[in-house]
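This report is for a reader meeting the structure for the first time. Please look at the sequence and the model before reading on.

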Amino acid sequence: MVSAPFFPVQFADFWLADQLNSLVTALMDFQFLTCFYFTNSNDWHNINSVSQCMEKDFIIRPIVNCLPAWFRFAQCLRRYRDSREAFPHLANAGKYSTTFLVVIFATLRNYHSSKYANTFDNPFTYAWMISQTVSSCYALTWDLKMDWGLFDKNAGENTLLREEIVYSSSVI
């Protein structure tokens, strides 16, 4: 999975990378838990702040947040290199690249938050909101069209579904 830019991508590689993308929230929680225990191991009864593990962590959290998307991004680029099919591989890489912008703007927003009295005075708030909206819409569109096969005009008898379905049309 990690060696995707250098070797052909196999099913297990992109399956595992997809699983990690689904588990980003859990990975972020694990990072927080690890940071919390290492920074507060001496006196758990008098914890003043956990912000050094959340809002003020400008290196480890963004890396943990971006790594699963980076793995899939690199895999998509490698699959494009091997197949020379821009669609779907480059389009899929584009979907994962939007994660980088979301994380960058969220990190910059947090880093510069002390300079602004109101969160909406911070220009990175708007950049983060726009990048989050684009990323969410891109992922939703990809999931509906490519992963679920909805709105496939070539589906034949399976109206609005992909051509190959698991359940018969009587179940649906």
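## A cis peptide bond and a positive phi

In which helix is proline 88 found? Proline 88 is part of helix α4, which covers residues 86-111. The model is predicted, and in it the peptide bond that runs from phenylalanine 87 to proline 88 is cis. Its omega is near 20°.

Another backbone feature is seen at arginine 84, which has a positive phi of about 60° although it is not a glycine. Arginine 84 sits in the loop between α3 and α4. As background, most peptide bonds are trans, and most residues other than glycine have a negative phi.

## Confidence of the model

The average pLDDT of the protein is 90. A score of at least 70 is reached by 94% of the residues.

Confidence is lowest in α2, where the mean is 92. Confidence is highest in helix α4, at 97.

## The disulfide

How many disulfides does a search of the whole structure find? The search finds one. The disulfide is formed by cysteine 35 and cysteine 53, and their sulfur atoms are 2.2 Å apart.

The disulfide is left-handed because the torsion about the S-S bond of cysteine 35 and cysteine 53 is about -80°.

## Helices α2 and α3

Helix α2 spans residues 24-39 and helix α3 spans residues 60-83. Their axes come within 9 Å and cross at roughly 155°. Because angles over 145 degrees count as roughly antiparallel, α2 is roughly antiparallel to α3. The crossing of these two helices is right-handed.

On the α2 side, the contact is made by Val24, Leu27, Met28, Gln31 and Phe32. On the α3 side, the residues are Ile60, Arg61, Val64, Asn65 and Pro68. Sorted by class, the contact of α2 with α3 has seven nonpolar, two polar and one charged residues.

## Helices α3 and α4

The axes of α3 and α4 are 8 Å apart, and the two helices pack at an angle of about 160°. That angle makes α3 roughly antiparallel to α4. The crossing of α3 and α4 is left-handed.

From α3, the residues that make the contact include Pro62, Cys66, Trp70, Phe73, Leu77 and Tyr80. From α4, they include His89, Leu90, Tyr96, Phe100, Val103 and Thr107. By class, the contact of α3 with α4 has 14 nonpolar, seven polar and two charged residues. Asn65 of α3 takes part in this contact, and Asn65 is also among the residues in the contact of α2 with α3.

## Helices α4 and α5

Helix α5 covers residues 123-147. What is the angle at which the axes of α4 and α5 cross? They cross at roughly 155° and come within 8 Å. The two helices are therefore roughly antiparallel to each other.

α4 passes α5 in a left-handed crossing. The residues of the contact of α4 with α5 divide into 16 nonpolar, eight polar and three charged.

Terms used
Residues are numbered from 1 along each chain as its sequence is written. This is a predicted model: local features need pLDDT of at least 70, side-chain atom pairs count only at pLDDT 80 or more; totals for chains, interfaces and linings use all residues. Side-chain values use heavy atoms; hydrogens and water are left out. Axes are lines fitted to C-alpha atoms, for helices over the stretch in contact, and angles run from 0 to 180 degrees between N-to-C directions. Helices (H or I, at least four residues) and strands (E, at least two) are DSSP runs, numbered from the N terminus. Angles under 35 degrees count as roughly parallel, over 145 as roughly antiparallel, 65 to 115 as roughly perpendicular and the rest as oblique. A crossing is left-handed if the near helix is turned anticlockwise from the far one by less than a right angle, and right-handed if clockwise. Contact means heavy atoms within 4.5 Å. Ala, Val, Leu, Ile, Met, Phe, Trp, Tyr, Cys and Pro count as nonpolar, Asp, Glu, Lys and Arg as charged, and the others, Gly among them, as polar. pLDDT is the predictor's confidence in each residue, from 0 to 100. A disulfide is a pair of cysteine sulfur atoms within 2.5 Å.
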